Amino acid sequence: MPELRTPLLSVENLTIAFGGLVAVRDFSIAVAPGTIHALIGPNGAGKSTTFNCISRLYRPNAGRILFDGQDITRLPSSAMAGLGIARSFQNLELFNELTVYENILIGAHCHCGASLRDRLSARPPHLAAEIDRIIERTGLGAYRETKACNLDFGHQKLLELARALAIRPRLLLLDEPAAGLRNREIAILDGLLTDLARRDGLTILLVEHVMQLVMSISDRVTVLNFGTKIAEGTPQEVKSNPAVVEAYLGKETALHG
Amino acid sequence: MDKDLILLFLQQGIVSGMVVGSVYALLALSIVMIFKTSEVPNFAQGEIFMAAGYCALFLLVFQATPVWLAVPLTLVVAFAGAALFRRVVLTQVSRASGSPVNLVIATLGLSYVLKGLVRRTGFGDTPRSFPALVSTDGVMIGQASITRLDVAIFLTALAVMAFLFCLFAYTKVGRAMRAVGMNPKAARLMGVDLQRIHMLVWGLSAVVSAIAALLISPKILMTAEMGGIVTMAFAAAIVGGFTSLPGAVVGGFVIGIAENLVGLFISSRAIVVAPFVAIMLVLIVRPQGLFGGRVAIKKV
């Protein structure tokens, strides 16, 4: 039972407001190691804001963020990679003029080595095998030397994931990895994420609107609406929760449905 | 004008233009390097160039420091000064207000501070001449006549460009610099220390400007106003697209050659206009500059 283990990531009573607008209110979540945990909710529910707090791009007004027992609430975002926290973005944040290989190499920035020979190496040899494997797993083999801006959207999404993997993360934060992907690509993503969690023991927290993916891969699902948590449980539990149905479909529809 | 004279002027204009253009290119590189990572046009670049020139002059002439020591010392001072300015002043300014305008004003402030400092020392009161480190004997290239010093200027500038290219293309820190220029938010999440990269870029940019000063100073009279040459470097950067390093190099040569051809064929009094005519022509034909990439189309 993974739920009983100490959480790898726990967010406690997080509150963040922009001016008078409270985007997230008193939100807590515990992500158990080795599990896939989905954060869902209607648009504007505060999911990406929560992500930005965890990856230290926003400073929360109140609450704590613990990673592996360590309080990371006040750490700079440049410390995240070193801790083993990687993320992808809803709207892509790639290095557009760099090739696929170089993008992944920047992801491995912390592992490039500090010796003079490693520093002066365009492609550090000790990372070659690892990067090759990441490229192969994410299906980017045909595009190694393609500039990121010349990839189609689906492959750009996969490149963000590949770059995040190069960080050698223990926790992977994925903001809508399946948005804009075709069914075939979603199937690849489904297999890859499951594989990463089950085989490599990665912990994944994802925000996602594609329910087919969420229901298929998640161990647990947390539902956010208007900045507060309205439900949490296994995919089956959440699916049949009346509050969730109401949040997604509206009250009247819920009564008839 | 007969054909032989035209041919002679063309050769002389292009060769002299390449020499002075290589110095413009170095200054344009220092401007573009900072602009790409900090999004700030550094209006103090000319004064960094000038102050480095005076630092070398002070060491070589007034302290009689040997060349092998004076040159590295000048570069170290330039690096440290610029890195410190980025770390102490610009970090504070951007913390106080995110607006890039304030950063630009801060660079203007630096330019006045440096000019004031040079005047304060008294060295900037009268025009001074910088000792040539290479002989000024004549050399013929085709029919064009230049000096050994000119050849040394050109070759040194090329070597600096090659060094920069290798740094950006083949090293870990160069890769991180390029990543910061493209997407600072993502670079930070990959563990790149933005503060450190910014300091390194500013330091490196100042070193390149200092080299430009060491190269060109023997050919001009040094005054506290010599930083005005940076206008040509800005012109070169704009011609090249302002965000492209190869563009800055090509832009430098274009401006240098245009200046010399105009001086020879039209009038030496028309030289000051030449870079701006070049800018206008390039911007009419390619609004994004020669190497500026595609014009961004934003979805609304």
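Predicted model: local features only at pLDDT ≥ 70, side-chain atom pairs only at ≥ 80, totals over all residues.
Trainee: Are the residues of β6(A) buried or exposed?
Mentor: Buried, on both faces of the strand. I85(A) and R87(A) are on one side, and A86(A) and S88(A) are on the other.

Trainee: Switching to the sheet with β1(A). What's the strand order?
Mentor: The order is β2-β1-β4-β5 in chain A, an open sheet of four strands with antiparallel pairing. Its edge strands are β2 (21–31) and β5 (70–71), each pairing on one side only.

Trainee: How many bridges between β1(A) and β2(A)?
Mentor: Seven bridges join strand β1 (residues 9–18) to β2(A), and the two run antiparallel. As an example of a bridge between them, L14(A) has F27(A) as its partner in β2(A).

Trainee: Which helix lies across those strands?
Mentor: Helix α1 (residues 47–54) of chain A, which lies across β1, β2 and β4 (62–67) of that chain. Helix α1 runs at about 115° to β1(A).

Trainee: And the β9(A)–β10(A) hairpin, what's in the turn?
Mentor: Two residues lie between the strands, and F226(A) in the turn has a positive phi of about 50°. Strand β9 (residues 220–225) and strand β10 (residues 228–233) of chain A run antiparallel and are joined by five bridges. N225(A) has T228(A) as its bridge partner in β10(A).

Trainee: OK, domains. Where are the bounds in chain A?
Mentor: The domain assignment gives domain 1 as 2–84 + 169–256 and domain 2 as 94–168. Their C-alpha centres lie 26 Å apart.

Trainee: How many residues are in contact between the two?
Mentor: Twelve residues of domain 1 of chain A are in contact with 13 residues of domain 2 of chain A. On the domain 1 side, α2 (80–83) and α7 (183–198) of chain A each supply at least two residues. Helix α7(A) gives the most to that side, with three residues. By type, the domain 1 side has seven nonpolar, three polar and two charged residues.

Trainee: What about contacts from chain A to chain B?
Mentor: There, 25 residues of chain A are in contact with 21 residues of chain B. On the chain A side, the elements giving two or more residues are α2, α3 (100–107) and α4 (116–119). Helix α3(A) gives the most, with four residues. That side of chain A divides into twelve nonpolar, seven polar and six charged residues.

Trainee: Last topic, the largest nonpolar core. Which members touch the most others?
Mentor: A25(B), A28(B) and A236(B), out of 169 residues in that core. Helix α8 (residues 194–216) of chain B gives the most to the core, with 16 residues.

Trainee: Why does it lie between domain 1 and domain 2 of chain A?
Mentor: Because both of those domains of chain A give residues to this core.

Trainee: And what does A236(B) touch?
Mentor: Leaving out residues up to four places away in sequence, A236(B) touches Y24(B), A25(B), A28(B), A248(B), G251(B), G252(B) and I255(B).

Notes:
Residues numbered from 1 in each chain as written. Chains lettered and ligands numbered in written order. Pairing = 2+ DSSP bridges. Domains from an automatic or database assignment. Contact = placed C-beta atoms within 7 Å. Nonpolar A, V, L, I, M, F, W, Y, C, P; charged D, E, K, R; others polar. Axes fitted to C-alpha atoms, helices over the stretch in contact; angles between N-to-C directions. Core = buried A, V, L, I, M, F, W, Y, C linked by C-beta atoms within 7 Å. Buried ≥ 20, exposed ≤ 12 C-beta atoms within 10 Å, placed from the backbone.
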